[in-house]
Amino acid sequence: MGRGKIEIKRIENATNRQVTYSKRRSGILKKAKELTVLCDAEVSLIMFSSTGKMTEYLSPSLNGNTKRVYDRYQQISGSSLWNSHYESLQNALNKQKEINKRLRREIRYQEARSIFYVHCIVKKLIIFSFWIYRQRMGEDLDELTIDELRNLEANLEASVKVVRDRKYHVIITQTETTRKKLRNHTEQHHGLLREFEPIDEDPRFILAGQEEDYESAIELANGQNIFTFRLQPSQPNLHNGGGYHCHDLRLA
C-alpha cells in the first residue's frame with residue numbers, strides 16, 4: 001500500500017515541529033549540494049527556524065561571499081534589496097538634522113540670553129559702584145536712612161584706616177631705605193677720611209688753602225720730595241673747616 005497524503009499545515013506540537021524542521025532542513029541542504037555538484041549551479045540557501053537559529057549554505061564557487069549573490073540577484077531582477085533600508089536611514093538622518101538645527105537655535109537663543117543677562121548685571125554693578133562712589137564723596141546722601149548713614153560712616157572709617165596703614169608702611173619703608181643709603185655714604189666718607197689721614201700727617205705733603213699759601217708751598221716744594229695739595233675754591237665746605245674728600249684735592 002502507498003503512503004497516505006500528508007496535509008500541509010502548521011504543526012501545533014512544538015517538539016514535532018522542531019523534529020520535522022530538522023529532517024526537512026537536512027533534505028533541503030542535501031538537494032542544494034546535489035544541485036551544485038550535478039548541475040554546476042551557484043546555490044545560496046538561508047533558513048531560520050522558529051527559534052531564530054540560522055542555517056546557511058553557499059556553493060563552493062561563491063567562496064563564502066553572500067553579497068555577490070545579492071548583487072547578482074539585484075542586477076538580474078532589476079530590484080533593489082536595500083531601498084527600504086536606505087529610506088529608513090535617510091529618514092533617520094533627516095530627523096537627526098532637524099534635531100541638530102533645533103538644538104543650534106536653542107543654543108544661540110541661550111547664548112543671547114546669557115549675554116543680555118551678563119550685560120544687565122555689569123550695567124547694574126557700574127551704576128551701583130558709581131552710586132557708592134558718589135556717597136563716599138559726600139553726595140546723594142539725602143535719601144539715606146540713619147542706619148545706611150551709619151554703615152557708610154563705618155565703611156569710610158575702615159577705608160581710611162586701610163589707606164592710613166598703607167601710608168605709614170610706605171613711609172617706614174622709605175625711611176629705612178634712606179637710612180641705609182645715608183649709613184652707606186657715611187661709611188664711605190669715613191673710609192676716605194681714614195685713607196687721607198696718613199697723607200695729612202706726612203711731612204712730604206703740604207695742604208695749601210689760600211692762593212699765597214699755595215705759591216709759598218710751591219716754592220718750598222721746589223727741589224725737595226714734598227707734594228703740595230691745593231684746596232679748590234669751588235669747595236666752600238673745605239674752606240669752612242669741613243672735611244675733605246679725595247676729589248677736593250689737587251696735586252701741585
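How do the residues of the lining of the largest pocket divide into nonpolar, polar and charged? The views below are of a predicted model, in which local features need pLDDT of at least 70, side-chain atom pairs count only at pLDDT 80 or more, and totals for chains, interfaces and linings use all residues. Residues are numbered from 1 along each chain as its sequence is written, and side-chain values use heavy atoms, with hydrogens and water left out.

**View 1. The lining of the largest pocket holds four nonpolar residues, one polar and three charged.** Ile6, Glu7, Ile8, Lys9, Ile11, Thr20, Tyr21 and Arg24 line this pocket. Here Ala, Val, Leu, Ile, Met, Phe, Trp, Tyr, Cys and Pro count as nonpolar, Asp, Glu, Lys and Arg as charged, and the others, Gly among them, as polar.

**View 2. Serine 59 sits in the loop between β2 (54–58) and α2 (66–77).** Helices (H or I, at least four residues) and strands (E, at least two) are DSSP runs, numbered from the N terminus. Serine 59 is buried, with a relative accessible area of 1% (buried means under 20%, with a 1.4 Å probe and protein chains only). Leaving out residues up to four places away in sequence, serine 59 touches Thr36, Ala41, Glu42 and Val43 (contact means heavy atoms within 4.5 Å). The side chain of serine 59 reaches the backbone nitrogen of valine 43 at 2.5 Å.

**View 3. Helix α3 runs from residue 83 to residue 136.** Its 54 residues reach 78 Å from the first C-alpha to the last, close to the 80 Å expected at 1.5 Å a residue. Just after α3, glycine 138 takes a positive phi of about 85°.

Methods:
Expected span 1.5 Å × (residues − 1). 1 Å grid on protein atoms, 1.4 Å probe; cavity = no way out; pocket = protein on both sides within 12 Å on 5 of 7 lines; lining within 4 Å. Buried < 20%, exposed > 50% of the residue type's maximum accessible area, 1.4 Å probe, protein only. Polar contact = N/O pair within 3.5 Å; in protein donor to acceptor, adjacent residues only side chain to side chain.
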